[in-house]
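Here's a quick briefing on one chain, sorted by topic. Have a look at the structure first, then read on.

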Amino acid sequence: MGSGDFVWGGNTSTSWTTTSNWYSHNGTSLVVATTDPTSTSNVYIVPSSTTSCVSATNLPLVNGNDNITNLTVVNGVTLDLSNNTISMTGNLKVDGTIVGNGTIKLNGTGTQTISGTGTINYLILKLISHQVR
């Protein structure tokens, strides 16, 4: 994890766009974010067993159409896209679960990779990228 990366905390609610639900890496440690993830963000969805700062009950619910770079959903956690869209210019790694009737749009200009051993249910995957592995 590097400076500027985001980790879901779920401190306030399940809302993806509520800033206080996120932690940001400042280069040394995680701090409460001052914004929600942006198009240049690497996003990590981790289970509460990973760290005490993650809510066990407020799992993330995407409630808008968001743009990020890379998304990692760690084993033991679920990301709910609902009916919304996440557009990504980077890679998708799913070792946990993604649910909902939403869309993941891969729209990078280079090769994008989908990896992991998790589950993706009821999802529309739009491949806008030049290459997807």
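Phe6 and Trp22 are both buried, where buried means under 20% relative accessible area, exposed means over 50%, and partly exposed is anything in between (1.4 Å probe, protein chains only). Keep in mind that this is a predicted model: local features need pLDDT of at least 70, side-chain atom pairs count only at pLDDT 80 or more, and totals for chains, interfaces and linings use all residues. Residues are numbered from 1 along each chain as its sequence is written, and side-chain values use heavy atoms, with hydrogens and water left out.

**Aromatic rings**

- Three aromatic pairs turn up in the structure; rings of Phe, Tyr and Trp (its six-membered ring) pair if their centres lie within 6.5 Å, with planes under 30 degrees apart called stacked, over 60 edge-to-face and the rest tilted.
- Strands here are DSSP runs (E, at least two residues), numbered from the N terminus.
- Trp16 and Trp22 have ring centres 4.9 Å apart and planes at 80°, so this pair is edge-to-face too.
- Trp16 and Trp22 are both buried.
- Ring pairs join Phe6, Trp8, Trp16 and Trp22 into a cluster.

**The nonpolar core**

- The largest nonpolar core has 21 residues, and Trp16, Ile45, Leu71, Leu79 and Ile86 touch the most other members; a core is a set of buried Ala, Val, Leu, Ile, Met, Phe, Trp, Tyr and Cys residues joined through side-chain atoms within 4.5 Å.
- At least two residues of this core come from each of strand 1 (6–8), strand 4 (42–45), strand 6 (70–73), strand 8 (85–88), strand 9 (92–94) and strand 11.
- Ile45 touches, among others, Trp8, Trp16, Trp22, Pro60 and Leu71, not counting residues up to four places away in sequence; contact means heavy atoms within 4.5 Å.
- In soluble globular proteins, nonpolar side chains tend to be buried together.

**Strand pairing**

- Strand 1 and strand 4 pair in parallel over two bridges, with Val7 opposite Tyr44 in strand 4; pairing requires at least two DSSP bridges between the strands.
- Strand 4 also pairs in parallel with strand 6, over four bridges, and Ile45 stands opposite Val73 in strand 6.
- There's an open sheet of four strands in the order 5-8-11-15, with parallel pairing.
- Strand 5 (65–68) and strand 15 (124–127) are at its edges with a single partner strand each, so one side of each has no neighbour in the sheet.
- Strand 8 and strand 11 run parallel and are joined by four bridges; Met88 has Leu106 in strand 11 as its bridge partner.

- Thr103 belongs to strand 11 (residues 103–106) and is buried, with a relative accessible area of 10%.
- Beyond its neighbours within four places in sequence, Thr103 contacts Leu81, Asn84, Thr85, Ile86, Leu123, Ile124 and Lys126.
- Met1 lies in the segment before strand 1 and is exposed, with a relative accessible area of 52%.
- Leaving out neighbours within four places in sequence, Met1 is in contact with Val7, His25, Leu30 and Tyr44.
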